[in-house]
Amino acid sequence: MPKYFFHVRRNDVFEEDVEGIDLATPEQAREEAIAAAREIVAERICAGRSADGDVFEIMTEDGKLVSIVPFYSVLS
């Protein structure tokens, strides 16, 4: 099963996911990123903080970019 990494880009800061997660397809990786982004955004809203500008950059083990999920896109 392929491993996907959910790196976070927050404006000019890049946070690398060094563990990754095993998922069957890129579509499952995107769904996982959307769910995680919703949780993060909800926590930040409750804490009075913003998630503007944050994105997940989903990459494969070989460094191929699979998808970008902006946190603000999960609000609708």
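Biologist: Which residues does aspartate 54 touch, not counting residues up to four places away in sequence?

Modeller: Happy to start there, keeping in mind that this is a predicted model. Aspartate 54 sits in strand β4, and it is buried, with a relative accessible area of 2%. Leaving out residues up to four places away in sequence, the residues that aspartate 54 touches are Arg9, Arg10, Arg44, Val69, Pro70 and Phe71.

Biologist: Which side chain makes a polar contact with the side chain of aspartate 54?

Modeller: Arg44 is among the residues that aspartate 54 touches, and Arg44 is also one of the buried residues of α1. The two side chains make a polar contact at 2.2 Å, and the partner of aspartate 54 in it is arginine 44.

Biologist: How far apart are the end C-alpha atoms of helix α1, and what span should its residues give?

Modeller: Helix α1 covers residues 26-46, which is 21 residues. At 1.5 Å a residue they should span 30 Å, and the distance between the end C-alpha atoms agrees with this: 30 Å.

Biologist: Within what arc do the buried residues of α1 fall, seen down its axis?

Modeller: An α-helix has 3.6 residues a turn, so residues three or four places apart point the same way. In α1 the buried residues are Ala29, Ala33, Ala37, Val41 and Arg44. They line one face of the helix, because seen down the axis they fall within an arc of 100°.

Biologist: Which strands do the buried residues of α1 pack against?

Modeller: The face turned away from the buried side of α1 carries the exposed residues Glu27, Glu31, Glu39, Glu43 and Cys46. The buried residues, in contrast, pack against β1 (3-10), β4 (54-60) and β5 (65-70).

Biologist: How many aromatic pairs are there, and which phenylalanines do ring pairs link into a cluster?

Modeller: The count comes to two aromatic pairs. Phenylalanine 6 and phenylalanine 56 are edge-to-face, 6.0 Å centre to centre with 85° between the planes. Phenylalanine 56 and phenylalanine 71 form a tilted pair, at 5.0 Å and 50°.

Biologist: How many residues apart in sequence are the parts that the pair of phenylalanine 6 and phenylalanine 56 ties together?

Modeller: Phenylalanine 6 is buried, with a relative accessible area of 12%, and phenylalanine 56 is buried too, at 5%. Phenylalanine 6 lies in strand β1 and phenylalanine 56 in strand β4, so their pair ties together parts whose separation in sequence is 50 residues.

Notes. Residues numbered from 1 in each chain as written. Predicted model: local features only at pLDDT ≥ 70, side-chain atom pairs only at ≥ 80, totals over all residues. Heavy atoms only, no water. Helix = DSSP H or I, 4+ residues; strand = E, 2+ residues; numbered from the N terminus. Expected span 1.5 Å × (residues − 1). Buried < 20%, exposed > 50% of the residue type's maximum accessible area, 1.4 Å probe, protein only. Arc of directions from axis to C-beta. Contact = heavy atoms within 4.5 Å. Phe/Tyr/Trp six-rings, centres within 6.5 Å; stacked < 30°, edge-to-face > 60°. Polar contact = N/O pair within 3.5 Å; in protein donor to acceptor, adjacent residues only side chain to side chain.
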